[in-house]
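Hi,

Here is the structure I promised to pass on. Please have a look at it first, and then read my notes below.

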Amino acid sequence: MQIHKKPRWALSENDVTPETVFRGRRALLKAAGYGVLGAGLAGPAHAGFFDNLLGNSGPTSDGEVDPTADLYPVGRNDDYQVMRPITDEKLATTYNNFYEFGSNKSIYQAAQKLPIRPWTVTFDGMVEAEKTVDIDTLIREMPLEERVYRHRCVETWSMVVPWTGFQMSELVKLAKPTSDARYVRMETFMEPDIAPGQRQSWYPWPYVEGVTVEEAMNPLAFMVTGIYGKPIEEQNGAPLRIALPWKYGFKSIKSIVRFTFTDERPVSFWEQLIPNEYGFWANVNPEVAHPRWSQAMEEPLGGNARIPTLLYNGYEEEVASLYQNKEGEKLYY
Ligand code: MTE
């Protein structure tokens, strides 16, 4: 018999908006309007920030049928749930950070221009044999499941999202790294003709992120191919992104084309740009402020109350052991 024990992160949070109220709002968020060029991520949401509403227009469809659409929806793994309302789909799919398409939150229409087929993913560096695989073959080979995860952006907004995908450990197994590999460097596509943000030369394109191989093997590290029971759309990082729910959202790199196994710690996009604000580890910790704002509280998208941020975003029991014996490391930015 399979026993499902209530996981540690399924915490009750009484101070959040009841789901009925929340779902009733059907409101969209207006573009942030913060000046961010060269200044890094936008900074915290403030009181009233989410009260600027647009009409009820959803993301535009590019009319293409995803070749893996028949696989969805996928059964939910109840070991991964959050005792907080799931964020309204429209909010999660129209309020985005995807600097390749612009530095405001309303990039969902511009992102539809990204051609997500054909798409290949390359595994290279310290692996038994380099290989490039077609995304549809990869998705069909992997054990897909749905998981509901928290997502905490470094800017202080947060959401709760049902992602579909597979454990990153499966990807590592497929890549077959050699025993010398210590890190996985991940890279987003580079298409300046399609993605206007990539023509802005002050950014260190392409977007790069990294984790240790040990972090990649942690069961929480999740490769995402779908959202809300459907194939993931361009604005959320189609056709393949990652969800690292215990880390600030900028670690969750979108539209990945390359995984490089290496013994050198990767320097991420944001770290390259502003090293004193964004580091390699970026684990969520409400007690360690960003140099320009507090991280103690967060504002759920669509909610009307700020709630306390949790250590490791509520996943402490699952991941804290990864960070023992790391004295001297800046683990929380
Ligand atoms: N990945 C790429 N390639 N480009 C980006 O600008 N933004 C990051 C992350 N992944 C980003 C990215 C940030 S700051 C956040 S908070 C999340 O994506 C936002 O994911 P969402 O738009 O699906 O909510």
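A word on the ground rules: this is a predicted model, in which local features need pLDDT of at least 70 and side-chain atom pairs count only at pLDDT 80 or more, while totals for chains, interfaces and linings use all residues. Residues are numbered from 1 along each chain as its sequence is written, and side-chain values use heavy atoms, with hydrogens and water left out.

**Confidence**

The average pLDDT (the predictor's confidence in each residue, from 0 to 100) is 86 for the protein, and 83% of the residues score at least 70. Residues 1-39 stay under 50, and the model has 99 contacts for them beyond four places in sequence; a contact means heavy atoms within 4.5 Å. Residues 46-61 also have pLDDT under 50, with 38 such contacts. Where pLDDT is low, the predicted coordinates should not be read in detail.

**The core**

Helices (H or I, at least four residues) and strands (E, at least two) are DSSP runs, numbered from the N terminus. Buried means under 20% relative accessible area, exposed over 50%, and partly exposed in between (1.4 Å probe, protein chains only). Beyond four places in sequence, the contacts of Trp163 include Glu145, Glu146, Tyr149 and Phe222.

**Aromatic pairs**

Rings of Phe, Tyr and Trp (its six-membered ring) pair if their centres lie within 6.5 Å; planes under 30 degrees apart count as stacked, over 60 as edge-to-face and the rest as tilted. That rule gives 24 aromatic pairs. In one of them, Tyr80 and Tyr149 have ring centres 6.1 Å apart and planes at 70°, so they are edge-to-face. Tyr80 is in the loop between strand 2 and helix 2 and Tyr149 is in strand 5 (residues 145-152), so this pair ties together parts 69 residues apart in sequence. Both of these tyrosines, Tyr80 and Tyr149, are buried. Trp119 and Phe189 are edge-to-face too, because their planes are at 75°, with the ring centres 6.3 Å apart. This pair links parts of the chain that are 70 residues apart, and Trp119 and Phe189 are both buried.

Two rings have a charge over them (NZ of Lys or CZ of Arg within 6 Å of the ring centre and within 35 degrees of the ring normal). Arg147 lies over the face of Tyr80, 3.8 Å from the ring centre, and Lys251 has its charged end over the ring of Phe280, 4.6 Å from the centre.

**Three single residues**

Asn77 counts as buried because its relative accessibility is 18%. Its side chain reaches the backbone nitrogen of Asp79 at 2.9 Å, and Asn77 also contacts Glu145 and Glu146.

Asp136, in helix 4 (residues 135-141), is buried at 16% and touches Pro67, Thr68 and Arg117.

Arg292 is partly exposed, at 43% relative accessibility.

Best wishes

Note on methods: A polar contact is a pair of N or O atoms within 3.5 Å; within protein, one must be able to donate a hydrogen and the other to accept it, and residues adjacent in sequence count only if both atoms are side-chain atoms.
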